[in-house]
Amino acid sequence: MILAAGNGDRFQTPTHDSKLLQPLLGRPILLRTLAAAAEAGITSATLVLGYQAERVRALAERGAPAGMTLSFAYNPEWRLENGVSALAARPHTGSARFALLMGDHVFEPDVLKRMLSLPVHDGRSLLAVDAGPFTAAQADEATKVRRDGSRIVAIGKTLDDFDALDTGVFVFSADLYDALERARAGGDTTLSGGVRQLAASGRMHGVEIGGASWCDIDTVADLAAAESVLAIARTA
């Protein structure tokens with residue numbers, strides 16, 4: 001599942017186009033996400049659409065990696081938080097485990113590939129976490145995580161006591177959907193709200209990314225920073 005419904009209101013450009021259409025070193029952000037998923041071994045993806053749905057869908061259909069099958073879900077409430085978008089994809093994933101990715105996050109495919117290969121029992125779900133080192137500015141922008149061993153015990157933007165950052169790369173059991181419904185009933189429509197529900201039952205675990213790079217592109221400045229990270233990676 002790739003969440004691609006939001007309007008990216010912090011990504012300010014004169015055209016107000018979806019940021020997923022924006023080029024990152026010559027390739028639209030969304031196509032980089034699809035390519036990374038394919039390199040990790042994903043052959044089927046559901047994109048959750050909302051803002052500028054027709055344009056985002058057309059880009060995905062035109063530029064998806066060879067051999068990847070696409071399906072699409074539409075979230076009419078795309079102005080709400082991303083937990084609502086995840087719920088919109090429920091009919092497409094059924095009871096199987098699935099990866100969940102953010103359309104605007106850049107990540108190294110090996111991270112997801114390793115997560116997909118891990119043996120997981122008892123309905124547990126996984127989140128790729130960055131245990132640092134990271135700057136104060138990075139921590140200020142990111143969703144933060146606190147763990148007990150590998151088990152995630154708290155997650156949120158405003159955590160004061162944390163030991164890792166949420167990279168936005170998940171492998172979920174289908175239990176996520178009921179967790180999201182419980183969170184929404186309590187007034188929380190974020191994906192993190194569903195993760196907190198899973199964490200409360202001991203079923204949410206962190207997988208450290210080690211030295212792998214990742215970027216969350218919220219602003220035009222983030223896009224420039226991501227281009228610098230990728231340019232450095234190319235020459236490393």
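## A walk from helix α2 to the cores

The buried residues of helix α2 are covered by several elements, including β1 (2–4), β3 (27–28), α1, β4 (44–49) and β5. The model described here is a predicted one. Within α2, the buried residues are Ala-53, Val-56, Leu-59 and Ala-60. Viewed down the helix axis, the buried residues of α2 fall within an arc of 135°, and they therefore line one face of the helix. On the face of α2 turned away from the buried side, the exposed residues Glu-54 and Arg-62 are found.

The chain continues from α2 (53–63) to β5 (69–74) through a loop that contains Ala-66. Is Ala-66 buried or exposed? Its relative accessibility is 83%, and because exposed means over 50%, Ala-66 counts as exposed. Between Ala-66 and Thr-33 there are 14 Å in space, C-alpha to C-alpha, and the two residues are 33 places apart in sequence.

Attention now turns to the interior. In soluble globular proteins, nonpolar side chains tend to be buried together. In this model, the largest nonpolar core comprises 46 residues, and Leu-24, Leu-30, Leu-34, Leu-47, Leu-112, Met-115 and Ile-217 have the most contacts inside it. Helix α1 (residues 29–39) contributes the most to this core, namely six residues. Beyond residues up to four places away in sequence, Met-115 touches Leu-126, Leu-127, Ala-128, Val-169, Phe-170, Val-171 and Val-207. There is also a second, separate core of 30 residues, with Ala-5, Trp-78, Phe-98 and Met-204 among them.

Phe-98 belongs to strand β6 (residues 98–102). Its relative accessibility is 8%, and since buried means under 20%, Phe-98 counts as buried. Apart from neighbours within four places in sequence, Phe-98 is in contact with Met-1, Thr-93, Phe-170, Val-171, Phe-172, Ser-173, Ala-174, Leu-176 and Tyr-177. Ser-125 lies 27 residues from Phe-98 along the chain, and their C-alpha atoms are separated by 9.5 Å.

Helix α7 (residues 175–185) packs with helix α8 (residues 191–200) at an angle of about 110°, their axes being 8 Å apart. This angle makes α7 roughly perpendicular to α8. On the α7 side, Asp-175, Leu-176, Ala-179, Leu-180, Arg-182 and Ala-183 meet Leu-191, Gly-193, Gly-194, Gln-197 and Leu-198 of α8. Sorted by class, this contact has six nonpolar, three polar and two charged residues.

Technical notes
Residues numbered from 1 in each chain as written. Predicted model: local features only at pLDDT ≥ 70, side-chain atom pairs only at ≥ 80, totals over all residues. Heavy atoms only, no water. Core = buried A, V, L, I, M, F, W, Y, C linked by side-chain atoms within 4.5 Å. Buried < 20%, exposed > 50% of the residue type's maximum accessible area, 1.4 Å probe, protein only. Helix = DSSP H or I, 4+ residues; strand = E, 2+ residues; numbered from the N terminus. Contact = heavy atoms within 4.5 Å. Axes fitted to C-alpha atoms, helices over the stretch in contact; angles between N-to-C directions. Parallel < 35°, antiparallel > 145°, perpendicular 65-115°, else oblique. Nonpolar A, V, L, I, M, F, W, Y, C, P; charged D, E, K, R; others polar. Arc of directions from axis to C-beta.
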